[in-house]
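Please keep the sequence and the structure in view while reading.

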Number of protein chains: 2
Amino acid sequence: MELEKTFAEIAENILELLDAKKYISARQEVLKLNAADVAEVIGDVEDEQGIENAIILFRMLPKDISAEAFSRLSTDDQLNIVAGITDRELDFIIKEMDFDDMIDVLEELPANVVDKILVRATKEERRQINTFLNYPEDSAGSLMTPDYIELRKEWTAGEALAHIKEAGIDSETVYTCYVKDPGRRLLGIVSLRSLVVSDSDTPVAEIMVEDSVYVNVSDDQEKVSAAFTKYGFLAIPVVDHEQRLVGIITIDDILQVVEEEFTEDFERMGGVLGSDDRGYLDTGVFRQVRNRFPWLILLMCSAMVTGLVISRFELLLTDVASLTMYLPLLMGTGGNSGSQASTLVIRGLAIGELEPRDAHRVLWKEARISFLLGVSLSLINLAKILFIDGEPILIGLTVCVTQIFVIMLAKCIGGMLPLLAKKIGIDPALMAAPFISTLTDTFSCLIYFSLASVIFNLY
Amino acid sequence: MELEKTFAEIAENILELLDAKKYISARQEVLKLNAADVAEVIGDVEDEQGIENAIILFRMLPKDISAEAFSRLSTDDQLNIVAGITDRELDFIIKEMDFDDMIDVLEELPANVVDKILVRATKEERRQINTFLNYPEDSAGSLMTPDYIELRKEWTAGEALAHIKEAGIDSETVYTCYVKDPGRRLLGIVSLRSLVVSDSDTPVAEIMVEDSVYVNVSDDQEKVSAAFTKYGFLAIPVVDHEQRLVGIITIDDILQVVEEEFTEDFERMGGVLGSDDRGYLDTGVFRQVRNRFPWLILLMCSAMVTGLVISRFELLLTDVASLTMYLPLLMGTGGNSGSQASTLVIRGLAIGELEPRDAHRVLWKEARISFLLGVSLSLINLAKILFIDGEPILIGLTVCVTQIFVIMLAKCIGGMLPLLAKKIGIDPALMAAPFISTLTDTFSCLIYFSLASVIFNLY
């Protein structure tokens, strides 16, 4: 099946058939889709009628696909489905899901629904579910699954393969198997590949790789995804504080983590705080207002400081009126120069290339870059002021000398603030365009008018 | 081995031993590292002496690890190593590498080095290498490897496993195997897991999954990574224009693609064009200037337009001097409001949640959000202007009515421009903070002064 094209056709066809209440033909079409496609179709429905169709479609699914599709839905869609199916169906779906997916679902569903599910679980299941629900969000613990294959050191490759065949668990988790010591500590890992290519009487102990990399259950997910990127693993073992193996994290879950982390940085860089995972269209107007308001009010207050600077120089502005004309240009180039530097440094910090201790290297680099940029932009600007605007040379000099200073200052501040933020434990992404450019505005005005005052001898 | 801690100790120890020329002890330590760690140690060296040590360290490595470590080095570090090893050693390393890694390396190395390598390859190898080198950058073709396991439909699971054991290729590529028809078209996929859990006399044809998702050799890597995120694959088959299977892409390469794509968007959002993969510290000052200059000069020119608007209202500003004081506030809130909207829409486009055809939904949403934000911020601002600044009510009204308009306009432009960019085939990330805020500046001034002219009856 080619991506998209065929899928879009089938999806449209299904929705039409459902609208026409041709359920038997609809079901035939539904069976052509895999779980991810089904989740996309359900996620795309909009109105009341659409939700009703989504529930009908969902109940048509073979049981194994319905569980996987359910785990891929957004929380809103999950709640819609939960409202439309029986408790028994819900129970079945939950039981059919991979353990880590189930935990993700339970974390999002409202307490009364979760209670209904927990009541039907065995005591041991409840205990394990509760342990997993208690791992902090964004920790390795919250990403892992306890479903992994455990092999014994004293087995042969053939025995190990027979055991895997017996256990027969899910595809993502079967490709790396684990060997523990009697204290349940991780002894080594064995890839399914090495079992398959070894002679069947080779001992597991010989194939096993010791000293493998692992993460701690309380490690941040950013650290976990960095390990996947660095080592190219398919799965990584997770140990608790006594070094006991408690679960594994598989690479398919990491792809989502990477996207989440980037989205968070992205939105903070654009001045949106308190983001959520719902996506733009699914986040309501009031929630959007709440996410955007704090940053705007903060930046408005700092813009007021810039206004204060200007008001102190009102007399100067009345005397040399054309000074105001170059204010947007100075504030603009300052802000944009600062954003460039901060963006690159934030990125460098995010991928681990930069550390706060690189501050002097960043500063020295930005100083040279900003000097070159400042001088070249100012010369172009000077020519424009003198020959196109026809302003006197004193105005031109004031503007252009200010511009060089402003660009240099903006780039150095833009490069330093993310490093400082990291050092004192604030998210560096907050030190991006909105904050840096508002901050630079104040400096631009201050430098500009102070210089003008001196040059025009007013004070 | 726990992440980082132990690794950092070993790495430091190795560098010290190399400095002290204790090569035998150094080698013992080096053997504790895996290829990714070795690449990191080599990537961290700085001066002449460091490079020399890096070469010595590299030549100490077991051959299989040296090839993998080499493929993970930056191009600069690769060139340093190439300069320090013999042609025969280089040849060996290249041959030992995974095919897709080799292509990546050959794409970056200078032509004379590549020629030296190609001369030693067989005619068939040269042909294949050249085909792969010709796939456009960022296409599925440039990401894929031709090393995959091909099974025959008529084999049993046991025969298939025996074949895999015989072929015994690399771990990332072995977990999904492929079945082709006589025309070399993709017939179906077989996971190693399903072979292992099936009885050994089950025919491959029975285990095989038909109708699997594939990508085209010319598809953009963004589309490929979206498929991995959506379906959670470990590998995806790549077909050519005649639907023939030509290679596969594995998930470990996709993690890098996702990071690259994000970095590109990130930098464009911060006003840095023409980025490269070198990272902040490795990109020279002149190159940085070149990457940052175009955007700055463009934005400077549009800031000049804002200046022009102001100059048209010079008379007004001389008469009502305190108007200038509120200019930074209006331009600031406008710019930041616009950036928030554009960031969210750019993100929505990047993850495929939004499409240009959602324009009316975005517009309607932004209109409501910006109205609420505009009114609430303006009221706070009005109180400040009247009671703290002690300005007359007319000034307060002018500023606050302008502010509502500016925020609404900025958010609607910020929301629309990325959609428009996508529609006409420009990267939406270019429509981020720097561009939007510079554009909003012009509108802010125009609305502000036009309104003030009316209110103060000057024209």
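The model is predicted. Chain A can be superposed on chain B with an RMSD of 0.2 Å by a turn of 180° and a shift of 0.0 Å along the axis. The two copies are therefore related as by a two-fold rotation axis. Both copies use the same surface, since 99% of the contact residues of chain A recur in chain B. Within chain A, the residue that comes closest to the rotation axis is A:Thr318, whose C-alpha lies at 2.5 Å.

At the contact between the chains, 101 residues of chain A meet 101 residues of chain B. On the side of chain A that touches chain B, 56 residues are nonpolar, 28 are polar and 17 are charged.

In soluble globular proteins, nonpolar side chains tend to be buried together. Here the largest nonpolar core has 213 residues. Those with the most contacts inside this core are A:Val190, A:Ile236, A:Ile249, B:Ile236 and B:Ile249. Leaving aside neighbours within four places in sequence, A:Ile236 is in contact with residues including A:Val213, A:Tyr214, A:Phe228 and A:Ile249. A second, separate core of 32 residues includes A:Ala54, A:Met60, A:Ile81 and A:Ile117.

A:Gln221 lies in helix α16 of chain A, which covers residues 221–231. A:Gln221 counts as buried because 24 C-beta neighbours lie inside 10 Å, where 20 or more are required. Residues up to four places away in sequence not being counted, A:Gln221 touches A:Asp138, A:Ser139, A:Ala140, A:Leu143 and A:Val257.

B:Gly141 belongs to helix α11 of chain B, residues 140–143. B:Gly141 is also buried, with 24 other C-beta atoms within 10 Å. With residues up to four places away in sequence again left out, B:Gly141 touches B:Tyr135, B:Val217, B:Ser218 and B:Val238. The table lists one pair of residues for each of these two positions.

| Pair | Separation along the chain | C-alpha separation |
|---|---|---|
| A:Gln221 and A:Ser139 | 82 residues | 5.2 Å |
| B:Gly141 and B:Asn216 | 75 residues | 8.0 Å |

Finally, helix α18 of chain B comprises 28 residues, 285–312. From its first C-alpha to its last, this helix reaches 39 Å, close to the 40 Å expected at 1.5 Å a residue. A kink of about 35° lies in α18(B) at B:Phe293, shortly before the proline B:Pro294.

Technical notes: Residues are numbered from 1 along each chain as its sequence is written. Chains are lettered from A and ligands numbered from 1 in the order in which they are written. This is a predicted model: local features need pLDDT of at least 70, side-chain atom pairs count only at pLDDT 80 or more; totals for chains, interfaces and linings use all residues. Copies are superposed by least squares on the C-alpha atoms of residues with pLDDT of at least 70 in both. Two residues are in contact if their C-beta atoms, placed from the backbone, lie within 7 Å. Ala, Val, Leu, Ile, Met, Phe, Trp, Tyr, Cys and Pro count as nonpolar, Asp, Glu, Lys and Arg as charged, and the others, Gly among them, as polar. A nonpolar core is a set of buried Ala, Val, Leu, Ile, Met, Phe, Trp, Tyr and Cys residues joined through C-beta atoms within 7 Å. A residue is buried if 20 or more other C-beta atoms lie within 10 Å of its own, exposed if 12 or fewer, and partly exposed in between; C-beta atoms are placed from the backbone. Helices (H or I, at least four residues) and strands (E, at least two) are DSSP runs, numbered from the N terminus. The expected span of a helix is 1.5 Å times one less than its number of residues. The bend at a residue is the angle between axes fitted to the seven residues ending there and the seven starting there.
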